[in-house]
Amino acid sequence: MDKSLVSAYRALNEAQGAIARADSLDDALRDGLKAMLQNCGAEYGVIWYADKSNKNRLHPYFWVCPTDLTSRSHLPGEGAVGRVFRTQKTERYLSFSPTDDPQTVEDFAGVNVVSMLCVPFSDDRDSLGCIQFINRDGGGSLSEEEADVCEMMVMLAGLAMGENEYLQSQWSPGKVIVSVRGVTREFHNGDVVPRALKGVNLDVYEGEFLVLLGESGCGKSTLLNILGGMDHPTSGTFECFGEELSNADQKTLTEYRRDNVGFIFQSYNLMPNLNARQNLELIASLVPKPMSADEALEIVNLGDRKENYPSQMSGGQQQRVSIARALMKRPRIIMADEPTAALDYTTSIEVLEVMEKIIGEGTTMIMVTHNEEICRMADRVVRMRGGRVHEVSVNRRKAHASELVW
Ligand SMILES: Nc1ncnc2c1ncn2[C@@H]1O[C@H](COP(=O)(O)OP(=O)(O)OP(=O)(O)O)[C@@H](O)[C@H]1O
Ligand SMILES: [Mg+2]
């Protein structure tokens, strides 16, 4: 049998297995798409989901590709994605030309689309959305056999869907407040020039909880530092609250940080000879219109611990003091780099409950973590690989901190 066909059938098998093993339908769809991309040879893939409460507008809810599709959407009939949803007929462009579908070109700005397949996605009652495949892995065109398998797989996913109640997305993106395009970051160490970031495109939306995941060294902290104005990109653009800051001087970046961003790290960095209140009061003199130390400590549920010194508190309590310290400046965004990495399960949950409360009050949060379970709390999960955004997932049902288990 043709080698590509063998790998295609293997992909189908794996995708079926992934669906069978998954704990939830969302996991099934995500794992199914990933298994197919890995084995069937497609480079990128998107699951578009119809919003029944809004004229069936199709929104992306999971995608593997380096562009940020979050704000893209299509009405039924609009572009290949919308047409396929309306007609329930697959559209195949194994050699894609930009005139075939300008919307696809716009959706994938920055990606050279040479092959595109769009398959309707439905359960036994209803048309639910569509799944889009872009390119063969490495950038070439999909073969007919690979396209056939992709199509079969989507049909399978639809059947799985029929057995479940499907959920509508709770989160809809608000205003973009921070945006990076084509961001790279190189570090010069003698003759070696490691590239920590290789072209990152990402928007951050007001009020969202965004979790950044990925293997050690993939560039998470580097990206967080750029988003927080602690570091400059080597190339690419960085925009915050409508202001272009890619080439901003140190003074402008310091102002951006001071006025907008709160940082939380794995280590709490509290002054050991000052109690909780004094640790916060130290900051109050540095920021304009600070919150009172008492108010900040109440928010993190430490109203009864104000007089305690760091050595008299648990790790979770100390981390909550450091969160209160970040809150003192009333930040619009909090950037947290592995805030629970040094904590045990119980104290991590205490910290996450506080984070949940702060997000609930409208603060945007970007959190780097190695803990997959925390993803369940996020509005969006961004996975990085080798200095790039690899996949993004929009959560259709958010878990509360108290529901997480590890
Ligand atoms: N100041 C620096 N000088 C030289 N190389 C650096 C510097 N900072 C980061 N790097 C390199 O850039 C890459 C990305 O590092 P980064 O700290 O962003 O990874 P990370 O995803 O946060 O990893 P971890 O999960 O281990 O914290 C790594 O290869 C790292 O060695
Ligand atoms: Mg890091």
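By class, the shell around ligand 1 is made up of four nonpolar, seven polar and one charged residues. The model is predicted, and the protein chain has a mean pLDDT of 89, with 93% of its residues reaching 70 or more. The chain is divided into domain 1, covering residues 3–162, and domain 2, covering residues 176–403.

**Surroundings of the ligand**

- The residues that surround ligand 1 are Phe187, Asn189, Pro194, Ala196, Gly214, Ser216, Gly217, Cys218, Gly219, Lys220, Ser221 and Thr222.
- Helix α6, which spans residues 220–227, gives three residues to this shell, and that is the largest share.

**Confidence along the chain**

- Among the elements of the protein chain, strand β8 (residues 209–213) has the highest mean pLDDT, at 98, whereas helix α1 (residues 3–21) has the lowest, at 70.
- Where pLDDT is low, the predicted coordinates should not be read in detail.
- The C-alpha atom of arginine 10 is separated by 7.1 Å from that of asparagine 39, although the two residues are 29 residues apart along the chain.

- The centres of domain 1 and domain 2, taken over C-alpha atoms, are separated by 33 Å.
- Twelve residues from domain 1 and 13 residues from domain 2 take part in the contact.
- On the side of domain 1 that touches domain 2, the elements giving two or more residues are α2 (25–40) and β2, and the largest share, four residues, comes from β2.
- By class, that side of domain 1 has five nonpolar, four polar and three charged residues.

**The largest nonpolar core**

- The largest nonpolar core has 110 residues, of which Cys130, Cys150, Leu212 and Ile366 touch the most other members.
- Both domain 1 (3–162) and domain 2 (176–403) give residues to this core, so the core lies between them.
- Leaving aside residues up to four places away in sequence, leucine 212 touches Lys220, Leu223, Leu224, Ile366, Met367, Val368, Val382 and Met384.
- In soluble globular proteins, nonpolar side chains tend to be buried together.

**Helix α3, an enclosed element**

- Helix α3 (residues 79–87) is largely enclosed by the rest of the structure, because seven of its nine residues are buried.
- The buried residues of α3 are Gly79, Ala80, Val81, Gly82, Arg83, Val84 and Phe85.
- These buried residues pack against strands β1, β2, β3 (91–93), β4 (116–122) and β5 (127–136), and also against helix α4 (102–107).
- Just after α3, glutamine 88 takes a positive phi of about 60°.

**Loop residues with positive phi**

- Phenylalanine 241, a residue other than glycine, has a positive phi near 45°, and its place is in the loop between β9 (235–240) and β10 (243–244).
- Phenylalanine 241 counts as partly exposed because it has 15 C-beta neighbours inside 10 Å.
- Lysine 289 likewise has a positive phi near 45° in a residue other than glycine, and it lies in the loop between α8 (276–284) and α9 (293–299).
- Lysine 289 is exposed, because 8 other C-beta atoms lie within 10 Å and a residue counts as exposed at 12 or fewer.

**Other exposed positions**

- Asparagine 54 is found in the loop between β1 (42–51) and β2 (57–64), and this residue is exposed because 12 other C-beta atoms lie within 10 Å, where the limit is 12 or fewer.
- The C-alpha atoms of asparagine 54 and isoleucine 359, which are 305 residues apart along the chain, are separated by 26 Å.
- Glutamate 403 lies in the segment after β15 (388–394), and it counts as exposed because it has 11 C-beta neighbours inside 10 Å.
- Between the C-alpha atoms of glutamate 403 and glutamate 373, 30 residues apart along the chain, the separation is 9.8 Å.

Terms used: Residues numbered from 1 in each chain as written. Chains lettered and ligands numbered in written order. Predicted model: local features only at pLDDT ≥ 70, side-chain atom pairs only at ≥ 80, totals over all residues. Near = placed C-beta within 6 Å. Nonpolar A, V, L, I, M, F, W, Y, C, P; charged D, E, K, R; others polar. pLDDT = per-residue confidence, 0-100. Core = buried A, V, L, I, M, F, W, Y, C linked by C-beta atoms within 7 Å. Buried ≥ 20, exposed ≤ 12 C-beta atoms within 10 Å, placed from the backbone. Domains from an automatic or database assignment. Contact = placed C-beta atoms within 7 Å.
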